Amino acid sequence: MQQTKSSHELNRTSSQSLGTSRLLSLDTFRGITVAAMILVNNPGDWSHIYAPLGHAHWHGWTPTDLIFPFFLFIVGVSISYALQNKEKPGLVGKIVKRSLILFSLGLFLNLFPKFDFTTVRIPGVLQRIALVYLACSLIYVKTDTRTQGWLIGILLVGYWLLMAFVPVPDFGPANLEPETNLGAWLDRTLLGGHLWKTSKIWDPEGILSTLPAIATGLSGILAGTLLKSGRPEAEKAVWLFVAGCLSLLGAYVWNGFFPINKSLWTSSFVLLTSGLALQGLALCYWLIDVQGYKRWTKPLVAFGVNAITVFFLSGLIPRILNLIKIQQPDGSETGAKEWLYQTFFVPYFESPYNASLAGALTFVLIWFGILGWMYQKKIIIKV
C-alpha cells in the first residue's frame, strides 16, 4: 500500500479505488456502507448483540445482511467510472494486480497472528471482493452493456439450477441445508480444512456462491452506466429507483422457491440486495447530486475514500490488542481489547446489549476521527 497527499492524487485515487470523487453521492453511499460494516463487525461482546446487528441464522435477512452486497454493488458502480478508458495500455495487468493485492490482504487477516498455513481460511470478505472486482472489471472491459445484462441473468438462473436440481455427491438430492448443499460439498472438496472456522465444513464466502456475487457487482456496473449516461439527472434518479422496485419484486417472487439467504448468496438475495442498493443510491444521488444537499456528507465521504484501509485496519487492530495481556486482580490475564471493554463499558450499562452496542459505536466514532483527519490532510491509502 502506498500513501499520497496531493490533491490530484486524491481525486485520481478516489476514482481508481472503490469509488470516484466525481460522484459525491457514491462516495457518501460507500461511506455509509463501510461505517455500518465496522459497526456490526466490532461489537463489545459477540454474545450480546441486538438482532438487527447480526446475520440471519439461515433463510431470511436482517439489515446486517445488506452491508456486504451493498459494498459489492458499489464496487461495480465504481468500476464503470474508474475503467472508462477500456483501451488503456496495461489495464488488464493493473486489474489483476489489484485483485491479487486485495486477496492477499484478506489472506493476511485470516493468518494473523498465528500464521498457521495448514488450517488458514482461504475464502473471506476481502477475497470475495478481489474475485468480484477481477471478474466484473474484465467483463466490463471486454463486453457491452447488453452482454453484461445477459450475464447477470445467466449467472442467477444458472446458480439456481445448480443449487436446486443438481444432486449432491455423497448426500443425494439437491438441497439448501447448511452442510449438505452443493456449494458446501464443493468447498469441502476443493478447500478441505481451509474453511470458515465457525463451521469448518462450509463457508459463507465459498466458491460456488461467488458466481451470484459477481452478478451483484455487475448490477452495480449497469447502475454506473446509467449514471454516466446523458439523461437528465432527475430522470436517472427515477430510473435507478424504478429498477430497484422491479428487482425487489423479482426477489420476492423468486424467494418462493429459492429462499433469500446471505450465506448461500441465493439469486433472490442478489435481487433483494441489488434492489435496495439501487434505491439507496438513487436517494443519495437525488439528495446530493441533484438537489445539492452536500454539507452533511463530509464525514461519510471520509469513510468512503479510505474504505479498504479502514476495513483492513479495523479487523487487524482488535487482534493486535488481544495480543497485549493485562493481569487481573485474581492473577489471570486478559487481552487489552477485552480489558478496555470490561473497564470502560460494562460497569456503566445495566444491559449487556447496550454495553456491547456502546463499544461498537465508540469504535466507529474513533474511526470517524481518524479518517476525518486523513481526509482533511488529503491522505488516501491506495490499494
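Which residues line the second largest cavity? Here are some notes on that and on a few other places worth a look; please keep in mind that this is a predicted model.

1. **The second largest cavity.** The answer to the opening question is L39, V40, P43, H48, I49, Y50, L53, Y353, S356, L357 and A360. By class, this lining has 9 nonpolar residues, 2 polar ones and no charged ones. Helix 2 (24-41) and helix 14 (352-376) each contribute at least two residues, and helix 14 has the largest share, with 4. The space inside comes to about 70 Å³.

2. **The largest cavity.** Searching the whole structure turns up 2 cavities of 30 Å³ or more, and the largest holds about 90 Å³. Its lining is made of 14 residues, with N181, G183, D187, D203 and L264 nearest the centre. Here the lining splits into 7 nonpolar, 5 polar and 2 charged residues. Helix 7 (residues 182-191) gives the most to this lining, namely 3 residues.

3. You will find S209 in the loop between helix 7 and helix 8 (210-228). Is S209 buried or exposed? S209 has a relative accessible area of 6%, under the 20% limit, so it counts as buried. Setting aside neighbours within four places in sequence, S209 is in contact with R128, Y159, P204, S263, L264 and W265. One of these, L264, is also among the residues nearest the centre of the largest cavity. In sequence, S209 and S267 are 58 residues apart, while their C-alpha atoms are 9.5 Å apart in space.

4. **W265, a backbone to check.** W265, one of the contacts of S209, sits in the loop between helix 9 (233-254) and helix 10. The phi angle of W265 is near 50°, a positive value in a residue other than glycine. With a relative accessible area of 0%, W265 is buried.

5. **D170, another positive phi.** D170 belongs to the loop between helix 6 (145-165) and helix 7. Its phi is near 75°, again positive in a residue other than glycine. D170 is exposed, because its relative accessibility of 75% is over the 50% limit.

6. Helix 4 (residues 91-111) contains 21 residues and spans 30 Å from first C-alpha to last, close to the 30 Å expected at 1.5 Å a residue. Its buried residues are L91, I95, R98, S99, L102, L105, G106, L109 and L111. An α-helix has 3.6 residues a turn, so residues three or four places apart point the same way. The peptide bond from F112 to P113 is cis, with omega near 5°, and P113 lies in the loop between helix 4 and helix 5 (125-142).

7. **D27 in helix 2.** D27 is part of helix 2. What does the side chain of D27 contact? It makes a polar contact with the side chain of R30, at 2.5 Å. D27 is buried, with a relative accessible area of 2%.

8. **T297 in its loop.** The loop between helix 10 (267-290) and helix 11 (298-305) holds T297. The side chain of T297 reaches the backbone oxygen of K294 at 2.6 Å. Not counting residues up to four places away in sequence, T297 touches L24, T28 and I288. T297 is buried, since its relative accessible area is 3%, under the 20% limit.

Note on methods:
Residues are numbered from 1 along each chain as its sequence is written. This is a predicted model: local features need pLDDT of at least 70, side-chain atom pairs count only at pLDDT 80 or more; totals for chains, interfaces and linings use all residues. Side-chain values use heavy atoms; hydrogens and water are left out. On a 1 Å grid over the protein atoms alone, a cavity is a set of points where a 1.4 Å probe fits but cannot get out, and a pocket is an open set with protein on both sides within 12 Å along at least five of seven lines; lining residues have an atom within 4 Å of a point. Grid points are joined across faces, edges and corners, and a volume is the space filled by probe spheres set on the points. Ala, Val, Leu, Ile, Met, Phe, Trp, Tyr, Cys and Pro count as nonpolar, Asp, Glu, Lys and Arg as charged, and the others, Gly among them, as polar. The expected span of a helix is 1.5 Å times one less than its number of residues. Buried means under 20% relative accessible area, exposed over 50%, partly exposed in between (1.4 Å probe, protein chains only). A polar contact is a pair of N or O atoms within 3.5 Å; within protein, one must be able to donate a hydrogen and the other to accept it, and residues adjacent in sequence count only if both atoms are side-chain atoms. Contact means heavy atoms within 4.5 Å.
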